[in-house]
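Here is a short tour for anyone meeting this structure for the first time. Have a look at the sequence and the model, then read on.

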Amino acid sequence: MIPDFVIAGAPKCGTTSLHHWLHQHPDIHMIRGEPHYHSHDLNYNQPPMPKRRYAALCRQAGDSQLLGERSTWYLYSKAAARSIHAANPNARILILIRQPAEFLHSLHAHLCQRGGREPLSDLKQALAAEPDRRAGRNIPRNSRFREKFLYSELVDYSSGIERFRTAFGTEQVKVITLEALRDNPQKAYTDVLNFLSLDNSFRPEFKILNRCAPTGSKLWRRIWRSGSWRHTVRRLSPLWWQAWQLERKQKRREQNASIAPWPKLDPALRAELTQRFEPDIAALEALFDRPLPEWRKMSGR
């Protein structure tokens, strides 16, 4: 079995919430975690995930269910679109994106808080470090793949979307903004179900998941993420245990976020970044032939 649809990115754009909303649908089975099997050019899994392990993850769906995968760095992989198409040319692709300044602020906070993968806690300093990191210098330890620290390049959603459109055609690729998902989750969810040709009368519990929050032991996170074996652990654990673990993890993150909240995006920095990434916004508008006026606002919600 191979996935019928893939949430291909981008990180910190509502992909985790959408993953769990879709998993509640009786006609969908979502693979736990993010396998990243098809991003052969990114060093996401160390060592690479074996084919048999990925196949075992795919076999969990019921005979009448669509199988979905979420691997949020596929959008930035040069190989993923072609690899997924080779496996299933009929696959549907979902891509979530958000306003560039808010995206970078959220991703940077995530990398700082989750196991301390980003040692530069100031976003401006992290952006200034890109030339060194692009040259292979001052890459944070235990980073796995350096692409995640090239923040400015990650705002280029258009290139990744074009790769998937080239491989699958425009009809099989759906792009959703986080703003649409956040402001009207029911409509966005119904649109996704229609895109997947599924019953759109089902109503999930619209919980927001994967908020930015400090995590626990850095050592344990490094061990847990040291290989793709963690996907086998998830696959073999009973569903009630997975649900309990998810609920427990979300409560712990909410508590940690309330104790040590990450600073909000500075309005001046938001305006600066919005102006800096104006060409990327314009490229996206040209790609979809529609304006994104909310992305050009110099202040957030």
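Is His36 buried or exposed? His36 is buried, because its relative accessible area is 3% and the cut-off for buried is under 20%. Keep in mind that we're looking at a predicted model.

## Two backbone angles to look at

Let's stay with His36 for a moment. You'll find His36 in the loop that runs between β2 (28-30) and α2 (51-58). Its phi is near 50°, which is a positive value in a residue other than glycine. For context, most residues other than glycine have a negative phi.

Ser197 also has a positive phi without being a glycine, this time near 60°. Look for Ser197 in the loop between α10 (185-195) and α11 (218-224).

## A cis peptide bond

Now slide back towards the start of the chain. Gly9 and Ala10 are joined by a cis peptide bond, with omega at about -10°. Most peptide bonds are trans. Ala10 itself sits in the loop between β1 (5-7) and α1 (15-23).

## Strand β3 and its partners

Which strands pair with β3? One is β1, which runs parallel to β3 and is joined to it by three bridges. Within this pairing, Phe5 stands opposite Gly68 of β3. The other is β2, also parallel to β3 and also linked through three bridges. Here His29 has Leu67 in β3 as its bridge partner.

Strand β3 covers residues 66-70, and four of its five residues are buried, so the strand is mostly covered. There's a handedness to spot as well: β2, α2 and β3 together form a β-α-β unit that is right-handed. His36, from the opening question, is in the loop between β2 and α2 of that unit.

## A glycine in a helix

Last stop: Gly160, which belongs to helix α8 (residues 157-168). Is Gly160 buried or exposed? Gly160 is buried, since its relative accessible area is 2%.

How many residues apart along the chain are Gly160 and Tyr74? They are 86 residues apart, yet their C-alpha atoms are separated by 8.3 Å in the model.

Key
Residues are numbered from 1 along each chain as its sequence is written. This is a predicted model: local features need pLDDT of at least 70, side-chain atom pairs count only at pLDDT 80 or more; totals for chains, interfaces and linings use all residues. Side-chain values use heavy atoms; hydrogens and water are left out. Buried means under 20% relative accessible area, exposed over 50%, partly exposed in between (1.4 Å probe, protein chains only). Two strands pair if DSSP finds at least two bridges between them. A crossover is right-handed if, with the strands pointing away from the viewer, the path from the first strand over the helix to the second runs clockwise.
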